[in-house]
Amino acid sequence: MVAFRDVDMTILGDPMRQVIFERLARRPSSVGDLAESLPITRQAVSQHLRVLKDGGLVVATPEGTRRIYRINPDGLAAIQAYFQWIWDDALTSFQKAADAAAADPEQETS
């Protein structure tokens, strides 16, 4: 299981890596399948997949002479947990600010 604290969110900072990740979210694919539809070489696709795999966001399954890459459900759950944590923290901060403003009406007019 990949914990959200273990996911390096900068992995998806590269635009081409994002495209590859999004395509794998729609359909598992081989390096060749991805390279055919992208403006980069097979070698570049392989390098992006290696980063995604090392980061726990994709997994590879051998099928004959090729590997099929797909989204790692644990990695995706970790990303979801990360954004849920940020969302929960933001809502808690908003609630505290709203409660403080309600308790001190003078604060609104200052």
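# Strands, core and rings

Me: Hi! What is the bridge partner of Ser-29 in S3?
Reply: Hi! The partner of Ser-29 in S3 is Tyr-69. This is a predicted model, where local features need pLDDT of at least 70 and side-chain atom pairs count only at pLDDT 80 or more, while totals for chains, interfaces and linings use all residues. Residues are numbered from 1 along each chain as its sequence is written, and side-chain values use heavy atoms, with hydrogens and water left out.

Me: OK, and how do S1 and S3 pair?
Reply: Strand S1, residues 29–30, pairs with S3 in the antiparallel sense over two bridges. Two strands count as paired if DSSP finds at least two bridges between them. The elements are DSSP runs numbered from the N terminus: helices are H or I with at least four residues, strands are E with at least two.

Me: Which sense do S2 and S3 pair in?
Reply: Antiparallel, over six bridges, with S2 covering residues 58–63 and S3 covering residues 66–71. Thr-61 has Ile-68 as its bridge partner in S3, and Val-59 stands opposite Arg-70.

Me: How many residues sit between S2 and S3?
Reply: Two, and the strands form a hairpin. In the turn, Gly-64 has a positive phi of about 65°.

Me: New topic! Which residues touch the most other members in the largest nonpolar core?
Reply: Ile-20, Phe-21, Leu-24, Val-45, Leu-49 and Leu-52, out of 19 residues in that core. Helices H1 (15–26), H2 (31–36) and H3 (42–54), along with S2 and S3, each give two or more residues to it. H1 provides the largest share, four residues. A nonpolar core here is a set of buried Ala, Val, Leu, Ile, Met, Phe, Trp, Tyr and Cys residues joined through side-chain atoms within 4.5 Å. Buried means under 20% relative accessible area, exposed means over 50%, and partly exposed is in between (1.4 Å probe, protein chains only).

Me: And what does Leu-49 touch?
Reply: Leaving out residues up to four places away in sequence, Leu-49 touches Ile-20, Leu-24, Val-31, Leu-34, Val-58 and Tyr-69. Contact means heavy atoms within 4.5 Å.

Me: How many salt bridges does the structure hold?
Reply: One. Arg-66 forms a salt bridge with Asp-33, and their closest N and O atoms are 3.7 Å apart. The term asks for a side-chain nitrogen of Lys or Arg within 4 Å of a carboxyl oxygen of Asp or Glu.

Me: What does that pair tie together?
Reply: Arg-66 is in strand S3 and Asp-33 is in helix H2, so the pair ties together parts that are 33 residues apart in sequence. Arg-66 counts as partly exposed, at 39% relative accessibility, and so does Asp-33, at 27%.

Me: Last one: how many aromatic pairs does a search of the whole structure find?
Reply: Two. Tyr-82 and Phe-83 are edge-to-face, 5.3 Å centre to centre with 75° between the planes. Tyr-82 and Trp-85 have ring centres 6.3 Å apart and planes at 35°, so that pair is tilted. Rings of Phe, Tyr and Trp (its six-membered ring) pair if their centres lie within 6.5 Å; planes under 30 degrees apart are stacked, over 60 edge-to-face, and the rest tilted.

Me: How far apart are Tyr-82 and Trp-85 in helix H4?
Reply: Three residues, about one helical turn, in H4 (residues 73–103). Ring pairs link Tyr-82, Phe-83 and Trp-85 into a cluster.
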